[in-house]
Amino acid sequence: MRIALFGGTFDPIHRGHLRLAAAAADTFALDRVLFAPVGHQPLKPIWPSASFVDRVAMVRLALAAARSEWSIVSSNSIVASTDESPDPRLAVSLLDQPRPGGSPNYTVDTLTALAQEYADADLFALVGADSFLDLRSWRSPDRLLALAEWIVVSRPDYPLTEARLASLVLSPNERARVHLLTSVHEDVSATGLRRRLASGDRCPGLLPGEVANYIQAHGLYAGLKP
Ligand code: ATP
């Protein structure tokens, strides 16, 4: 079994997350992509705006709405254009739930737990270029590269060039465990969406309607400065 951990704040989940997960699942023949909302991301200067419970709920809704009309289903599954079932490869995981006392969630601990839970699986970690290019600031980067193969997805403004990767000083073995996915070009960020949501925009095309409804019903992001 080939399993990928897809950690993130998901504050809120958006089209970029969904598309990159489906593209990674296609390209790397992943059986499962685990969307794991994080309790406290140690490298983000500000805490998530929405609670963990709300972020998990939005991920669940988005995955349940994950239909081919949203084009998150891969070319392999385009046949499913009349089938409204969700993409069975994409699932939510509570592995990165808040730690006691709100202490930070470190990916190295999460991957270690996943490796224990799925001892026979091939483990991957799915990450955007912006996050990966910062790998040396993460806890135990060498261990992270040993625990999983990394799928790094291109993101506007974060070119995935060998020169940029060289700044991470990867050994040849480590470099061989890093795979680039450059077919995804999603110019969307949760930061941008939070600003728009604060001013009442439902962000059509960038958020599943079910997620926009949830945000509205629970008054999320309404108090933020647009
Ligand atoms: P924020 O704007 O709040 O920082 P975000 O849009 O980057 O949020 P996160 O939940 O922090 O979303 O992202 C989870 C993971 O998905 C990270 O590895 C991030 O790099 C990646 N990611 C998010 N959006 C994109 C995108 N548009 N293209 C490529 N990778 C992305």
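Mentor: Buried means under 20% relative accessible area, exposed over 50% and partly exposed in between, with a 1.4 Å probe and protein chains only. The model is predicted, so local features need pLDDT of at least 70 and side-chain atom pairs pLDDT 80 or more, while totals for chains, interfaces and linings use all residues. Residues are numbered from 1 along each chain as its sequence is written, and side-chain values use heavy atoms, without hydrogens and water.

Trainee: Is Leu114 buried or exposed?

Mentor: Leu114 lies in helix H3, residues 107-117; helices are DSSP runs of H or I with at least four residues, and strands are runs of E with at least two, numbered from the N terminus. Leu114 has a relative accessible area of 1%, and is therefore buried.

Trainee: Which residues is Leu114 in contact with, leaving aside its neighbours within four places in sequence?

Mentor: Contact means heavy atoms within 4.5 Å. With those neighbours left aside, the contacts of Leu114 are Leu5, Leu34, Leu95 and Leu123.

Trainee: How far apart in space are Leu114 and Ala4, C-alpha to C-alpha?

Mentor: In sequence, Leu114 and Ala4 are 110 residues apart. In space, their C-alpha to C-alpha distance is 9.7 Å.

Trainee: How do the residues of the lining of the largest pocket divide into nonpolar, polar and charged?

Mentor: Ala, Val, Leu, Ile, Met, Phe, Trp, Tyr, Cys and Pro count as nonpolar, Asp, Glu, Lys and Arg as charged, and the others, Gly among them, as polar. For the lining of the largest pocket, the division is 22 nonpolar, 15 polar and 11 charged.

Trainee: How do the residues of the lining of the second largest pocket divide?

Mentor: The classes are again nonpolar, polar and charged. The lining of the second largest pocket has four nonpolar, three polar and five charged residues.
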